[in-house]
Amino acid sequence: MQPSTEPSEHVRSAHGRPRRLLVLRHAKSAWPKGVADQDRPLGPRGLRDAPAVGSFLAGAGGLPDLVLCSPARRAHDTWKLAAAELDRPVPTRHDPRLYGADGPELLDVLHGVSDEVATLLLVGHNPGLEDLILLLASGAAGTDEDLLDRVRTKFPTSAVAVLTWAGTWTDLRPGAALLTDLAIPRGVRGSS
């Protein structure tokens, strides 16, 4: 399923510019002995799935204006492989606040995003990303409850959630965003 490029009625009727938040959990990582958590590399499945994420993003109704990425190796490498599938580079910042952050801490990071950014891609880790999605979309009128239930059940590696609302990034509050799509791009076995 691909998200619509047209803003929803919820987004059009609210004050402010339509915004889109893409939330990407890093691809499947390996667990090598003696390697610090922040330095864990992608595993074989992650190396296959990360380019599939890029292919999904390329067809998902517009590339992000900015990427905020955790500095952890598995997040960095996920974005590097995904970005290689896009037709143009996207400005990227590696933000140490994303590593280990919970939902409210991630929301604080989002409040600092420039008003010039209409679409943001956030690349990070669970359980914080799942917490953020549920924080923003739970209780929002018009949110697809089936999608919310899927996130509650599991927000797996390489998953991409798409949330929309209107206003500035500082306007973003709990229950203010619609969860409009949830994709889990997977690469083909034998492609890496």
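Q: Where does Pro127 sit?
A: Pro127 is in the loop between β4 (119–124) and α5 (128–137).

Q: Before I go on, what am I looking at, and how are the residues counted?
A: This is a predicted model, in which local features need pLDDT of at least 70 and side-chain atom pairs count only at pLDDT 80 or more, while totals for chains, interfaces and linings use all residues. Residues are numbered from 1 along each chain as its sequence is written, and side-chain values use heavy atoms, with hydrogens and water left out.

Q: OK, what's up with the phi of Ser158?
A: Phi of Ser158 is near 70°, a positive value in a residue other than glycine. In general, most residues other than glycine have a negative phi.

Q: Where is Ser158, and is it buried or exposed?
A: Ser158 lies in the loop between α6 and β5 (160–166). It is buried, because its relative accessible area is 0%; buried means under 20%, exposed over 50%, and partly exposed in between, using a 1.4 Å probe and protein chains only.

Q: Zooming out, how many helices and strands are in the chain?
A: Six helices and six strands. From the N terminus on, the order is α-β-α-β-α-β-α-β-α-α-β-β.

Q: How compact is the chain?
A: It is as compact as a globular protein of that length, because its radius of gyration is 16 Å, close to the 16 Å that the globule rule gives for 192 residues. That radius is taken over C-alpha atoms, and the rule is 2.2 Å times the number of residues to the power 0.38.

Q: What does the C-alpha trace span, and how much of the chain is buried?
A: Along its principal axes the trace spans about 50 × 30 × 30 Å. Buried residues are 49% of the 192.

Q: Switching to charges: how many salt bridges are there?
A: A search of the whole structure turns up seven. A salt bridge means a side-chain nitrogen of Lys or Arg within 4 Å of a carboxyl oxygen of Asp or Glu.

Q: Which residue does Arg74 pair with?
A: Arg74 pairs with Asp37, and their closest N and O atoms are 3.2 Å apart. Arg74 is in helix α3 (residues 73–83) and Asp37 in the loop between β1 (18–25) and α2 (44–58), so this pair ties together parts that are 37 residues apart in sequence.

Q: Are those two buried or exposed?
A: Arg74 is buried, at 5% relative accessibility, whereas Asp37 is partly exposed, with a relative accessible area of 30%.

Q: Which residues are linked with them in a network of salt bridges?
A: The network links Asp37, Arg40 and Arg74.

Q: What about Arg45 and Asp49?
A: Their side chains meet in a salt bridge, 3.6 Å from N to O. Both lie in helix α2, four residues apart, which is about one turn of the helix. Asp49 is buried at 1% relative accessibility, while Arg45 is partly exposed at 33%.

Q: And how far apart are Asp149 and Arg152?
A: In that salt bridge the N to O distance is 2.7 Å. They are three residues apart in helix α6 (residues 145–153), so about one helical turn separates them. Asp149 is partly exposed, with a relative accessible area of 39%, and Arg152 is partly exposed at 39% too.

Q: Last topic: where is Lys80, and is it buried or exposed?
A: Lys80 is in helix α3 and is exposed, with a relative accessible area of 57%.

Q: How far is Lys80 from Gly54?
A: They are 26 residues apart in sequence and 9.2 Å apart in space, C-alpha to C-alpha.

Key:
Helices (H or I, at least four residues) and strands (E, at least two) are DSSP runs, numbered from the N terminus.
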